[in-house]
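Take a look at the model below.

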Amino acid sequence: MENSAQRPEPPSGTGAKGKLVVVTGGTRGVGAGIARAFAEAGADTVICARRPPEEPVRGTEFVPVDVRDPDAVHRLFDGLPRVDVLVNNVGGSPYRPLADGPGATDARRHARVIELNLTAPLTVSLAAYEHLRRARGAIVMIGSVSGARPSPGTAAYGAAKAGLDHLARSMAVEWAPDIRVNTLVLGMVRTELSHLHYGDEEGVAAVARTVPLGRLAEPSDVGEAAVFLASDAAAYITGASLLVHGGGERPAFLDAATANHRTGKGEPG
């Protein structure tokens, strides 16, 4: 019979009341959705980015920081009384085929993408380590499906996100049992910048139809998932990658194949 004295206390819930949460890149889009979700869950939420948000993110405090600057990052965490949760959200990439455009053979432009999407989360996590260790806290990495499939036009971004997932799993082992580390693997999210990736409303709608759930994610969908992974309800989850992609992408060969299609009469076509 299991010794009940050895079992941990049951989870207290999925909220974040009283926790101090830091969200990098939390001023717009996915990051703002994550920050709002934590604030609504009762957390003291600090957002950081190079520039302040165009519109205040309700319930948060903004601190200007370039997460690629280790000294600035350490100053941020040195100035905080504690940190219970770190969300490494900052990232992104312009559409840039590997060998196209001016300076195409200069890898430095791609190295900057890797610096933002992989090196910066490592820098921030290391700077927050002591705070998180004392709090027995949690790190949530914001990954992407681009890290697990070909990403033409954003190859360096996809490579960085693949590395981020591996980094998170390694951190989860090295830093256990003091700090839990997990990754949210995002699919397509509708933000104020969606038109740069998918075009006008017709393009966004067409892209949404390729998702099994029939829509793009909202930033709030990501935020709720982040709150869950950082909460006591996920106390035994670490080193995990949670897919937040609406069911993924329908394989292209299914529509290209001439077999196993059905006619309007429900008969094989």
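Leu 86 stands opposite Ile 139 in strand S5. Four bridges join S4 to S5, and the two strands run parallel. Two strands count as paired if DSSP finds at least two bridges between them. Helices (H or I, at least four residues) and strands (E, at least two) are DSSP runs, numbered from the N terminus.

This is a predicted model, in which local features need pLDDT of at least 70 and side-chain atom pairs count only at pLDDT 80 or more, while totals for chains, interfaces and linings use all residues. Residues are numbered from 1 along each chain as its sequence is written, and side-chain values use heavy atoms, with hydrogens and water left out.

Val 21 stands opposite Val 85, and Val 23 stands opposite Val 87.

Now widen the view. Seven strands form an open sheet with parallel pairing, in the order S3-S2-S1-S4-S5-S6-S7. Strand S3 (60-64) and S7 stand at the edges with a single partner strand each, so one side of each has no neighbour in the sheet. The twist averages 20° from one strand to the next. Angles here run from 0 to 180 degrees between N-to-C directions, and axes are lines fitted to C-alpha atoms, for helices over the stretch in contact. In total the protein has eight helices and seven strands.

In a regular strand the side chains alternate between the two faces of the sheet. S4 is covered on both faces: Val 85 and Val 87 on one side, Leu 86 and Asn 88 on the other, are all buried. Buried means under 20% relative accessible area, exposed over 50%, and partly exposed in between (1.4 Å probe, protein chains only). Buried residues make up 41% of the 269 residues in the protein.

What surrounds Leu 86? Beyond its neighbours within four places in sequence, Leu 86 contacts residues including Val 22, Phe 77, Val 124, Ala 128, Leu 132 and Ile 139. Contact means heavy atoms within 4.5 Å. Leu 86 also belongs to the largest nonpolar core, which has 29 residues; Leu 86, Val 22, Phe 77, Leu 80 and Ile 139 touch the most other members. Strands S1 (20-24), S2 (44-49) and S5 each give two or more residues to this core, as do helices H2 (70-78), H3 (108-135) and H4 (155-174). Apart from it lies another core, of 27 residues, among them Ala 32, Val 222, Ala 225 and Val 227. A nonpolar core is a set of buried Ala, Val, Leu, Ile, Met, Phe, Trp, Tyr and Cys residues joined through side-chain atoms within 4.5 Å.

Next, helix H7. H7 lies across S4, S5, S6 and S7, running at about 160° to S6. Its buried residues include Val 222, Ala 225, Val 227 and Leu 229. Among the elements that cover them are helix H1 (29-40) and strand S4 (85-88). The end C-alpha atoms of H7 (residues 219-230) are 17 Å apart, which agrees with the 16 Å that its 12 residues should span at 1.5 Å a residue. The expected span is 1.5 Å times one less than the number of residues. H4 lies across S5, S6 and S7, at about 155° to S5.

Asn 182 is found in strand S6. At 1% relative accessibility, Asn 182 counts as buried. A polar atom of its side chain lies 2.9 Å from the backbone oxygen of Ile 237.

Arg 215 sits in the loop between helix H6 (201-208) and H7. At 42% relative accessibility, Arg 215 counts as partly exposed.

Two backbone details remain. Most residues other than glycine have a negative phi, and most peptide bonds are trans. Arg 136 is not a glycine, yet has a positive phi of about 50°. The peptide bond from Ala 176 to Pro 177 is cis, with omega near 0°.

Notes: A polar contact is a pair of N or O atoms within 3.5 Å; within protein, one must be able to donate a hydrogen and the other to accept it, and residues adjacent in sequence count only if both atoms are side-chain atoms.
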